[in-house]
Amino acid sequence: MRRADRLFQIVQFLRTRRVTTARWLAERLEVSERTIYRDIQDLLANAVPIEGEAGVGYVIRKGYDLPPLMFTPEELSALALGASIVDSWADVALSTAAQSALSKIESSLPSALKGRLADQRLLSPMQRLSAEAAHNMAELRRAMDERAKLRIRYKRLDGVGSERVIWPLGLFFWGQVWTLGAWCEKRGSLRNFRMDRIHSLQWLEQTYPDMPGRRLQDLIEQGRRQYSPDA
């Protein structure tokens, strides 16, 4: 659980219980009591009205609630458009996550802003990613998280097939296509591969190290140099 989520849960527990001990919170949130004590101090430092002490228990001042999320209409439009684009151009897991995030945001909005997310006119209505590309995207995201090497079969622009062992670093959306940025062992350099030309990928039982010159930031800097007007 992320720390921000844990702090939110602590506030919610305190709001719905009379007296709550650090031990009880630690057991529910699967952390140490020392972590709970630190979290309580951080909440107090951010003006959350908690009363009590270690070894006795904690209560929160009656009537306290987390403030509602406040967004401008333009911010809500941006969020809704972003989720719509993800729905059209990403894999199923990301699409589901985007819609879930919007639902959470809408449920916590003040009454005056509820319904704004549903009443949007900026849309990306068509599913543009093929089933194969969506599957590959999900696998590539997982491989990047685990720093796993992959073997891919790739068709170049001239139609010639190629097999590469790569270190997947990042996925980039260009408005019409996705590209995979990776370190290519065959070429010994940072390369970009169009997602729609990756025909198969295989996980290898190897992970790749964090090496200078072979990182995502190196790939981004390389792209900036190549496309800079001053280059």
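Two strands pair if DSSP finds at least two bridges between them. Helices (H or I, at least four residues) and strands (E, at least two) are DSSP runs, numbered from the N terminus.

The model is predicted: local features need pLDDT of at least 70, side-chain atom pairs count only at pLDDT 80 or more, and totals for chains, interfaces and linings use all residues. Residues are numbered from 1 along each chain as its sequence is written, and side-chain values use heavy atoms, leaving out hydrogens and water.

**Hairpin.** Strands E1 and E2 run antiparallel, joined by four bridges. Gly52 has Tyr58 as its bridge partner in E2. Three residues separate the strands of this hairpin, and Gly55 in the turn has a positive phi of about 90 degrees.

**Thr20.** This residue sits in the loop between helices H1 and H2. Thr20 counts as buried (under 20% relative accessible area; exposed is over 50%, partly exposed in between; 1.4 Å probe, protein chains only) because its relative accessibility is 0%. Its contacts (heavy atoms within 4.5 Å) beyond four places in sequence include Gly57 and Tyr58.

**Cores.** A nonpolar core is a set of buried Ala, Val, Leu, Ile, Met, Phe, Trp, Tyr and Cys residues joined through side-chain atoms within 4.5 Å. The largest has 21 residues; Ile152, Ile166, Phe193 and Ile198 touch the most other members.

H6 gives the largest share, five residues. A second, separate core has 16 residues, including Ile10 and Ala22.
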